[in-house]
Amino acid sequence: MKRKALAIFMCTAMAAGIMTGCGSSSSAPSEAPAASEAPAASEAASTEAAASEAASTEAAGSEAASTEAAAESESAADEVAKNDGDVLNIGFAQVGAESDWRTACTDSVKSAFSAENGYNLIFNDAQQKQENQIKAIRDFISQDVDYIILDPVTETGWDQPLQEAADAGIPVIVVDRMVDVSDSSLYTAWIGSDFELEGKKACAYLKAYLEAKGYTDAVNIVDIQGTIGASAQIGRTAAFDAAAEENGWNVVSQQTGEFTQAKGQEVMESILKQSDDVNVVYCENDNEAFGARDAIEAAGKKVGTDIANGDILIMSFDATNAGLTDTLDGSILVNTECNPLYGPVLTQYVQKLKAGETLDHDSYIAESQFSADDTVTSVNVDGTDYPVTLLTQDVLDARAY
Amino acid sequence: MKKFKDIDTNKFLLAITIVMFFVMYIAGMIIFNKQGFAKPQVFLNLFVNNAGLIVIATSMTMVMIIGGIDISVGSLVAMDCMILGDLMMNKNWGAWASMLFVLFIGIIYGSVQGFLISYLNIQPFIITLAGMFFGRGMTAVISTQMISITNETFSAIAQKKITIPLFGTMNKHGKMMYPFIYPSVIIALVILVVMFVVLKYTKFGRSIYAIGGNEQSAMLMGLNVKKTKFFVYVLDGFLASIGGILFCMNTMAGFVEQAKGFEMDAIAGAVIGGTLLTGGVGNVFGSLFGCMIRGTIESFISFQGTLSSWWVRITIALLLTFFIVLQSIFQKVKAKN
């Protein structure tokens, strides 16, 4: 009886083994190549072509026709691995896909480190969770990638994983947000936005614009701040505070709009109820600018640049596509960019590291400023001139996001 | 159908989980061999990355065996990390004192929840839902800023690499890489073994199984159902705080958004590991394998490199469905007999 039971158990266990075997191959990673069968095969084919191995290209081609998902993924993985010698493996740990800005950043990096350019990009989306990102770094180390690019979810808690990367001798390039580590040599370089400079450029633009228009009356300005504590808010507010004091602008109100349209609108509505002499709004991102615009129009006031005659002028940051559309039609006078296109500069960094050059440890990505009004063509901040891009439909269409 | 009686449902579900884990892992070693999936470190990373989750899943298994659930653990972990950060960095407490305080908080948390659930007979889901909101809210009240923990003692414990001087490989950057773990892994495994022994061989543990299997008959047998339930939740709070400390040793930071959905990962781990939501059945080692299956899927996705990481969730969803269906089939068969 017992032996029979054991036999049945073994049989079912084996059957389950087979079932789960199939289960794992259809539900786990191999499904990916199955779902994106064509791209995987074409990628393999293109890298092969680069290595000028016509024979394997044919093999990859014929295999692409095969419908066996498991075999497919294995062959695709092998093709990539075969080229390990000449292909640079880059691990990219991204925050997530929470905003247009982030997606633009991801797309830029993905297209810069494409297989055609001789890279194998291993992309990881951390879904806004730091613990996922730490796992990703460890997986990159296990895969022995050549370089790690990290766009950290949080600024804190990076000592341990970065130390592991350093122990493995893998250079880490940090982008966008800073990492707060005890020893800054744990990462090779950081590149990100200079939020304070963005703020200074916007303020310098306003000053130059008002001077050019010959406006000398009181500037009653409102600052709708970003989420308090975010580095973008800290830098942009600091620049605003300094400029308001220096230029004698009358700060009517300074409140957070939390980088959202709804909150921006709410804040602007309450400010307009309390005071009716507001003539400039300094919004710390595009979404807040949309909210402020709606609130101003709902209050029966006009959004525009003729502030001597009761218009309210809006300034904004980020230069997202929607933001620039509003800039083009004039409801936002000036939009200062927060550049998400890290791909090109990162490829330069990687090539420099490969050539054995050293990088600037901390540096800022180049960012521009857009306005559809040609009154001011350049602004001067701390002795340096920054051009203002005249926004046209063509400029807008040519932008990647 | 008679033969099924001889097969232990418990062991069978566990066997399936373990077989599945090894099948998946070996498949990974074959598919991603060139990228280094076969390295011992990849296996050890399953523990290094998930030390906190393993402890939480162990504790969740115990709660589920008695027929309860605890969805407050994710928030409690976040609160633990925040308290650790706040005490060590802002209040200048020592590392040990802070950790003891966090364990104390865990016991208090568990006692309150346990009292409400067992003595006032309230649904555990509702109580721990309240606990979940409370924990997350308190975390934000303590601080909405991220607190980076740089306390020397705490860092020393968290980052002490325990290297295994075997299977070293030279990587292409010219560094000799030995497999390593952190102390958190050892703590997690010790707790796992202790909990296994407690559940299997102590009166307390066997009462838990009895109550989860059938509360009425457990009561008729003379077991103190309320008291046992209460202590299960107290122990659960305590273990969750240990899990919180281990989680914190991995992230080294306190932040309000941390460990969101952690409770669901723990429940998924336990269910995949053969624990029944209806109670009475479960094994902590099954939950360990449940967590490791999840970790393996994550590694798959990140080794594959082009897939969206959301496939982890989709795969876990499929696995969960598979196991739940399997469990219900077994229960049907059992009922027939």
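This is a predicted model: local features need pLDDT of at least 70, side-chain atom pairs count only at pLDDT 80 or more; totals for chains, interfaces and linings use all residues.
# Notebook: helices, sheets and one methionine

Met132(B) sits in helix H5 of chain B. Which residues does Met132(B) touch, leaving out those up to four places away in sequence? I found Ile71(B), Ser72(B), Gly74(B) and Ser75(B). I also looked up one separation: Met132(B) and Gly74(B) are 58 residues apart in sequence, yet 7.3 Å apart in space from C-alpha to C-alpha.

**Helix H4 of chain B**

Next I checked the length of H4(B), residues 95-118. Its 24 residues should span 34 Å at 1.5 Å a residue, and the end C-alpha atoms are 34 Å apart, so the two values agree. I then listed its buried residues, and found among them Ser98(B), Met99(B), Val102(B), Ile105(B), Gly106(B) and Tyr109(B). Further along H4(B), the buried list goes on with Gly110(B), Gln113(B), Gly114(B), Leu116(B), Ile117(B) and Ser118(B). A reminder to myself: an α-helix has 3.6 residues a turn, so residues three or four places apart point the same way. What do the buried residues of H4(B) pack against? I noted three helices of chain B: H3 (73-90), H5 (124-142) and H10 (225-251). That H5(B) is the helix that holds Met132(B).

**H3 against H4 in chain B**

I took the H3(B) and H4(B) pair next. Two packed helices are described by the angle between their axes and the distance between the axes. Here the axes come within 9 Å and cross at roughly 150 degrees. H3(B) and H4(B) are therefore roughly antiparallel to each other, since angles over 145 degrees count as such. I recorded the crossing of H3(B) past H4(B) as right-handed. On the H3(B) side I wrote down Leu76(B), Asp80(B), Ile83(B), Leu84(B), Leu87(B) and Met88(B). They meet Ala95(B), Ser98(B), Phe101(B), Val102(B), Ile105(B), Gly106(B) and Tyr109(B) in H4(B).

**Chain A overview**

I moved on to chain A and counted 15 helices and 16 strands. Of its 401 residues, 48% are buried. Looking at contacts with a separation of 6 or more, I found that 69% join residues 24 or more positions apart.

**The six-stranded sheet**

In chain A I traced an open sheet with parallel pairing, in the order S2-S1-S3-S4-S5-S12. Its edge strands are S2(A) (119-125) and S12(A) (362-364), each of which pairs on one side only. The twist averages 20 degrees from one strand to the next. At the S12(A) end, three bridges join it in parallel to S5(A), residues 189-192. There I found Trp190(A) opposite Asp362(A).

**A hairpin in chain A**

S14(A) (residues 378-381) and S15(A) (residues 384-387) run antiparallel and are joined by four bridges. Asn380(A) stands opposite Asp385(A) in S15(A). How many residues lie between the strands of this hairpin? I found two, and noted that Asp382(A) takes a positive phi near 50 degrees.

**Helix H6 of chain A**

Last, I ran the length check on H6(A), residues 100-112. Its 13 residues should span 18 Å at 1.5 Å a residue, and the end C-alpha atoms are 18 Å apart, which agrees. I listed Ala104(A), Cys105(A), Thr106(A), Ser108(A), Val109(A) and Ala112(A) as buried. Their cover includes strand S1 (88-94) and helix H14 (343-354) of chain A. S1(A) also belongs to the six-stranded sheet above.

Note on methods:
Residues are numbered from 1 along each chain as its sequence is written. Chains are lettered from A and ligands numbered from 1 in the order in which they are written. A residue is buried if 20 or more other C-beta atoms lie within 10 Å of its own, exposed if 12 or fewer, and partly exposed in between; C-beta atoms are placed from the backbone. Two residues are in contact if their C-beta atoms, placed from the backbone, lie within 7 Å. The expected span of a helix is 1.5 Å times one less than its number of residues. Two strands pair if DSSP finds at least two bridges between them. Axes are lines fitted to C-alpha atoms, for helices over the stretch in contact, and angles run from 0 to 180 degrees between N-to-C directions. Angles under 35 degrees count as roughly parallel, over 145 as roughly antiparallel, 65 to 115 as roughly perpendicular and the rest as oblique. A crossing is left-handed if the near helix is turned anticlockwise from the far one by less than a right angle, and right-handed if clockwise.
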